Amino acid sequence: MRLSLRFILPLMLVLAGIAYAVAPLVDQLTLRWFMRDIDIRSSMIANTVEDPLKDQLEAGRRVKITEFFNRITQDERLYAIGYCAAPGATAIASRSLPADIRCNALERWEGPGEHLLASEKGPLHIAVKPLTNEAAPDGRLILVHDMSFVARRSEETKRYLVFLFMALATIVSVVTVIIAQISWRGWMTSMRSLLHGEGLLSEPATEGPKPLPEFKPIARDLQRLIRELETENRARDESQITWTADALRAILQGELRGEDVIVVSNREPYIHQRRGDRIEVQRPASGLVTALEPIMRACSGSWIAHGSGSADREVVDRNDRVAVPPENPAYSIRRVWLTEEEEAGYYYGFSNEGLWPLCHIAHVRPIFRSSDWEQYVAVNRKFAKAVISEAKTSAPIVLVQDYHLALLPKMIREELPDATIITFWHIPWPNPESFAICPWREEILAGLLGSSILGFHTQFHCNNFVDTVDRFLEARVDREAFTVSFRSKLTAVRRYPISIAWPPEPEMVERPVAECHSTIREINDLPATQQLGIGVDRLDYTKGIMERFRAIERLLELKPEWIGRFTFVQIAAPTRSGIDEYQHHEAQVRALATRINSRFERNGPPPILLKVEHHEPRDVYAYFRAAGLCFVSSLHDGMNLVAKEFVAARDDERGVLILSEFTGAARELAEALIVNPYDADQCAAALHMALTMPAAEQRDRMRLMRGLVAEFNVFRWAGRMLLDAAAMRRRSHLINKSGL
């Protein structure tokens, strides 16, 4: 009973307060209703008395009119009535007409509005209606209604509302208390079991009260609810963020409390090369560097990478660090030094002759050697030591990049168990049947599962990884939450489509498109009217350069009108030249370009300009802005940022992107011309369509793609991973505090 009173009385008081809060609104609504009714009633009275009043006025019977008005005002609500023949005349009125109402001041009572007049009896409603005849063209009838009945109705309404809410509170409270009393003991027992984690997924070990059967699914339901809430919060946070370097920095300072951020990759963002007596700084042509370098500028962290430049050792301090970018230092590179044997086995051998062709399935047989594997393990351990020495706390945020460092997450976890390790796999992940080729598949999987979060470009790659783990490891895979529990450690497998910085650096797009158009043609000895296509890749067999050239050859066969009018510039940055397969591929590319040019050149501009050399990003953007189309024909690619860079370069909203369906970018940039690079006829048709596409269609397609690249930029890519990492750290802290 005491519990019931504790529940009922506060609820009754709250509802009574609500009733009083609602009452003024009801008063206003009631007043409007009555005012409208009185206006209608005034019009009806005016229409009723119009004919009798005109007769009396024509007969000049003022006394009769006064008596007539006095009889009418015997109505309970009609307080007074009067008539003014002209603005300056004396009113003919009933005895009760207020003195404040005079014929020369009727304008204030005319027209729409609440015409109220205060009096001793209460508020009075004034209505003035035109009532004219030949003798009095400006005649007005004055109707005064008593509004005191409105106040009485309002008080009654308040009382009824209070009684209604109190009765409702009593009924709801009694029903609730009865139901609660019936199920209280069973619910309390079950909730205690739930909070202690007992008897939900298995039977309790000791005797005692057992939880209700319906509580057994609650553990999974709560976990699912927590994940959904985290997803909703992340989505809400993302929708409120304009993703920029400053927004990313704010996340680091807010969500992650300014903790140090360490990026680890094989490739460094800046390479120092000796050129005679001077040292030249280069930025390598790498999608990974393009994506991560802007993030490090925002985070002011440390980037650990292999020092491969001929002058890299000359510019570092005693701790092997150098501040970059050179013109405006924002973060530091910590360089790791590798011997020739280590580089040959770890990089050229296991990484690029083994894992690279294995994951890309580009019809190049992977090669696995035990000596290469030994170097791969040793170099990963060397990187792990560098991470531990660079960590400023026992729980840093470590972003491990790509397939060169698959063992690193587990090695870091063994030394820094509280670290949050985010590993991103930049290349495709193959199906389990293909990955089974690797002799050290279990070690690779175990290394990656040292990560807190493991990211891929597409959901398809996530699915393949989870399937591979399920096939080869004794691990618990949750396909609904996409988590893997391995050796008591949980790894979240997530999709994070990588992108580029937005907006592009000002120096990249500072040269007008028209200037780029003329300059690029001039330096390549091409006519000013020459149609231009562009391809920008590393000289890698996965990029489909051979297929691209065959598509150009097929275009010229099918549409000979483009011979001499169309030139395709292929910028191919040299890469991995120490590997036989890459040397062979470069020779094939050169030979194919030479053959096609000799077939179609005909003393005019060549159809293909092959530039096997490094180009600075600013020069690449000039080609993007000068070309009418960009052809990305990768045979298998994680994302391919060249496609997004071309879109970013075209602030004139012109140009056409031809994009391989085997890239991650094809899943985002649907307005590109999507092609199968193995189908030369289809690619040739796409080239012809791009060369003849109207400017309006180019603009519509490019505008949509630019909008997507702007919204889903590299800062969003990093921010989503960091938000997920922050949520994971909060959840870990809660679990540790609760002792579960």
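A residue counts as buried when its relative accessible area is under 20%. Arg576 has a relative accessible area of 6%, so Arg576 is buried. The model discussed here is predicted.

## Overall make-up

The protein chain has 740 residues, and 51% of them are buried. Its secondary structure comprises 21 helices and 23 strands. Contacts reach across the sequence. Of those with a separation of 6 or more, 71% join residues 24 or more positions apart. The accessible surface amounts to about 35,600 Å². Carbon and sulfur atoms contribute 53% of that surface.

Arg576 sits in the loop between S19 and helix H16 (580-600). Its phi is positive, about 50 degrees, although Arg576 is not a glycine.

Asp525 also has a positive phi, near 55 degrees, and is likewise a residue other than glycine. Asp525 is placed in the loop between H14 and S18. Is Asp525 buried or exposed? Asp525 is exposed, because its relative accessible area is 68%. Arg576, by contrast, is buried at 6%.

One runs from Val324 to Pro325, with omega near -10 degrees. Pro325 belongs to the loop between strand S10 (321-324) and strand S11 (331-336). The other joins Trp502 and Pro503, and omega there is about -5 degrees. Pro503 falls in the loop between strand S17 (489-495) and H14.

## The disulfide and other cysteines

A disulfide is a covalent bond between the sulfur atoms of two cysteines. How many disulfides does a search of the whole structure find? The search finds one. Cys84 and Cys103 form this link, with their sulfur atoms 1.9 Å apart. The angle about the S-S bond is -85 degrees, and the link is left-handed. The pair connects distant parts of the chain, 19 residues apart. Cys84 lies in strand S1 (residues 78-84). Cys103 lies in the loop between strand S2 (92-93) and strand S3 (116-117).

Both partners are covered. Cys84 is buried because its relative accessibility is 1%. Cys103 is buried too, at 5%.

Cys359 takes part in no disulfide. The nearest cysteine sulfur to Cys359 belongs to Cys438, 8.7 Å away.

The table gathers the accessibility of selected residues.

| Residue | Relative accessible area | Class |
|---|---|---|
| Cys84 | 1% | buried |
| Cys103 | 5% | buried |
| Asp537 | 8% | buried |
| Ile179 | 53% | exposed |

## A buried aspartate

Asp537 is part of strand S18 (residues 531-538). Asp537 counts as buried because its relative accessibility is 8%. Which side chain does the side chain of Asp537 meet in a polar contact of 2.6 Å? The partner is Arg548. A further polar contact, at 3.1 Å, links the side chains of Asp537 and Gln570.

Other residues surround Asp537. Leaving aside residues up to four places away in sequence, Asp537 touches Lys543, Ile545, Arg548, Gln570, Ile571, Ala572 and Ala573.

## A mostly covered helix

Helix H17 (residues 617-626) is mostly covered, with seven of its ten residues buried. These are Val620, Tyr621, Ala622, Tyr623, Phe624, Arg625 and Ala626. What do the buried residues of H17 pack against? Their helix partners are H14 (513-523) and H18 (641-649). Their strand partners are S18, S19 (566-573), S20 (608-611) and S21 (629-632). S18 is also the strand that holds Asp537.

## A nonpolar patch on the surface

Ile171, Val175 and Ile179 form a nonpolar surface patch. Together they present about 290 Å² of accessible area. Ile179 is found in helix H3 (residues 148-196). Exposed means over 50% relative accessible area, so Ile179, at 53%, counts as exposed.

How values were computed:
Residues numbered from 1 in each chain as written. Predicted model: local features only at pLDDT ≥ 70, side-chain atom pairs only at ≥ 80, totals over all residues. Heavy atoms only, no water. Helix = DSSP H or I, 4+ residues; strand = E, 2+ residues; numbered from the N terminus. Buried < 20%, exposed > 50% of the residue type's maximum accessible area, 1.4 Å probe, protein only. Polar contact = N/O pair within 3.5 Å; in protein donor to acceptor, adjacent residues only side chain to side chain. Contact = heavy atoms within 4.5 Å. Patch = residues over 30% accessible without salt bridge, like charges linked within 9 Å, V, L, I, M, F, W, Y side chains within 5 Å. Areas by Shrake-Rupley, 256 points an atom, 1.4 Å probe, with all protein chains shown as cover. Salt bridge = Lys/Arg side-chain N within 4 Å of Asp/Glu carboxyl O. Disulfide = S-S within 2.5 Å.
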